[in-house]
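Here's a quick tour to read with the model open beside you.

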Amino acid sequence: MNLSSLVIPLLLSAVAVYGMGRRVDVYSALTHGAEEGLTVLLRIIPALVGLLTAVSMFRASGAMEWLSGLCAPVLEALGVPPETTPLMLIRPVSGSGALAVASDLMMTHGPDSYVGRVAAVMLGSTETTFYTIAVYFGSAGIHRTRHTIPAALAADLTGFLASALAVRLFFG
Amino acid sequence: MAMAWVWTGMVVLSLVFGLLTGNLDAVANAALDGARSAIDLSVSMAGILCLWSGVMEIMRVCGLSGGLARAFRPILRRLLPNACRDPETLAAVSANVSANLLGLGNAATPLGIQAARRMARGCGGTASDELCLLVVLNTASIQLLPATIASVRAAAGCKTPFDILPAVWLSSVLSVAAGLMTAQLLARVGRRRR
């Protein structure tokens, strides 16, 4: 038995039992949440269609290889797989775009390959930086953002480098 | 608009590269395959995504996120001392952080905006050090269970989609720390210059 197989059933039961203890109708909360998951999915499907079309064309034309080759020397020195270049470029700009590029990498290289895992960790440890900045400062009426963008990009860059490092650390 | 430029650039570059390398047949097929694979992917990740959204909703309803928010207050008081003098801002910020941790992006954003608006009052359109810090915290991911990514991995045929969790946590911690330290450092440099 794999220990990580314990996580999901345990988490599901723990949350259900805790909720019941709090006299919460866990089943209707579950279905209500699932409905919300469906609306999230509905919102990202159009973006996935648009971006996976473009990404798949980009790869088939050889442009992806050219772009990755351009960044390869620097990235290889840092231990980051050059295949993830398009993911790193799109991540701060578009969440659904990054999801599309990362899932393309996972399907092409395999979800358990080095590239596939690094792509997944990159996606999990960074956010859509420019979107977040625009939403927060836009609604707060801020025009001078001062050092926010450089600091946020420093976090993204660290996240990308750390993703490759962490995958090598945990998966050899 | 940014995505419009990205998309147009990718499609036009594909055409140019396709013509130059003689891969144009492959490019044409790839366009259709890409669109189809988007739907395949969406269908195969739908179940897991819905299940986790449901579990997150149970956590929210039974007050687990509220408890998490209370646990964060001492740390946030140290990180954003001025903002946290106002109890309502403190409540919004800690709820924002805990929603982010649980991966409730839809709940986190309005809470964060509420906090940002309170923190921006009377500053004349210039972000304060603490507001910059709050936004940087939100541009860095601090998700405990990246459910969407796990569902993509499962859709791509992975047997243990959650085995990347330790790597995601380590990478997130490093990235958040780098963002916060850069923000603190640049705030200090900016003050000295003025």
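## The core and what surrounds it

The largest nonpolar core has 109 residues, and the ones with the most contacts inside it are L87(A), A102(A), A119(A), V121(A), V93(B), L134(B) and V136(B). Keep in mind that this is a predicted model. Two of those names, A119(A) and L134(B), turn up again below.

**A119(A) and its neighbours**

- Setting aside residues up to four places away in sequence, A119(A) touches T84(A), L87(A), A102(A), L105(A) and M106(A).
- Two of these partners, L87(A) and A102(A), are also on the list of residues with the most contacts inside the core.

**Chain A at a glance**

- The C-alpha trace of chain A spans about 60 × 50 × 30 Å along its principal axes.
- Chain A has 172 residues, and 49% of them count as buried.
- Take the contacts in chain A with a separation of 6 or more: 59% of them are between residues 24 or more positions apart.

- Most residues other than glycine have a negative phi.
- R23(A) has a phi near 60°, a positive value in a residue that isn't glycine.
- You'll find R23(A) in the loop between α1 (4-21) and α2 (26-60) of chain A.
- Is R23(A) buried or exposed? R23(A) is exposed, with 7 other C-beta atoms within 10 Å.
- R146(A) also isn't glycine and has a positive phi, near 50°.
- R146(A) sits in the loop between α7 (129-140) and α8 (148-171) of chain A.
- R146(A) is partly exposed, with 18 other C-beta atoms within 10 Å.

**Where the chains meet**

- On the chain B side 83 residues are in contact with chain A, and on the chain A side 83 residues are in contact with chain B.
- Six helices of chain B each supply at least two residues of the side that touches chain A: α1 (2-21), α2 (24-61), α5 (105-119), α6 (129-139), α7 (147-155) and α8 (165-193).
- Which helix gives the largest share of that side of chain B? That's α2(B), with 24 residues.
- By class, the side of chain B that touches chain A divides into 51 nonpolar, 27 polar and 5 charged residues.

**L48(A), a residue with partners in both chains**

- L48(A) belongs to helix α2 of chain A.
- L48(A) counts as buried because it has 24 C-beta neighbours inside 10 Å, and the cut-off for that is 20 or more.
- Leaving aside neighbours within four places in sequence, L48(A) is in contact with S96(A) and A100(A) in chain A, and with A38(B), L41(B) and S42(B) in chain B.
- L48(A) and P82(A) are 34 residues apart along the chain, and their C-alpha atoms are separated by 23 Å.

**α2(B) against α7(B)**

- The axes of α2(B) and α7(B) come within 8 Å and cross at roughly 140°.
- These two helices, α2(B) and α7(B), are therefore oblique to each other.
- The crossing of α2(B) past α7(B) is right-handed.
- From α2(B), the contact is made by L41(B), S44(B), M45(B), I48(B), L49(B) and W52(B); from α7(B), by A147(B), T148(B), A150(B), S151(B), V152(B), A154(B) and A155(B).
- The residues of this contact between α2(B) and α7(B) are 10 nonpolar, 3 polar and no charged.

**α5(B) against α6(B)**

- α5(B) and α6(B) pack at an angle of about 165°, their axes 10 Å apart.
- That angle makes α5(B) roughly antiparallel to α6(B).
- α5(B) passes α6(B) in a left-handed crossing.
- G112(B), A115(B), A116(B) and M119(B) of α5(B) meet E130(B), L131(B), L134(B) and N138(B) of α6(B).
- Sorted by class, this contact of α5(B) with α6(B) has 5 nonpolar, 2 polar and 1 charged residues.

**α6(B), tucked in**

- α6(B) is largely enclosed by the rest of the structure, because 9 of its 11 residues are buried.
- The buried residues of α6(B) include L131(B), L134(B), V136(B) and N138(B).
- The buried residues of α6(B) pack against α7 and α8 of chain A, and against α3 (64-79), α4 (87-101), α5 and α8 of chain B.

Terms used. Residues are numbered from 1 along each chain as its sequence is written. Chains are lettered from A and ligands numbered from 1 in the order in which they are written. This is a predicted model: local features need pLDDT of at least 70, side-chain atom pairs count only at pLDDT 80 or more; totals for chains, interfaces and linings use all residues. A nonpolar core is a set of buried Ala, Val, Leu, Ile, Met, Phe, Trp, Tyr and Cys residues joined through C-beta atoms within 7 Å. A residue is buried if 20 or more other C-beta atoms lie within 10 Å of its own, exposed if 12 or fewer, and partly exposed in between; C-beta atoms are placed from the backbone. Two residues are in contact if their C-beta atoms, placed from the backbone, lie within 7 Å. Helices (H or I, at least four residues) and strands (E, at least two) are DSSP runs, numbered from the N terminus. Ala, Val, Leu, Ile, Met, Phe, Trp, Tyr, Cys and Pro count as nonpolar, Asp, Glu, Lys and Arg as charged, and the others, Gly among them, as polar. Axes are lines fitted to C-alpha atoms, for helices over the stretch in contact, and angles run from 0 to 180 degrees between N-to-C directions. Angles under 35 degrees count as roughly parallel, over 145 as roughly antiparallel, 65 to 115 as roughly perpendicular and the rest as oblique. A crossing is left-handed if the near helix is turned anticlockwise from the far one by less than a right angle, and right-handed if clockwise.
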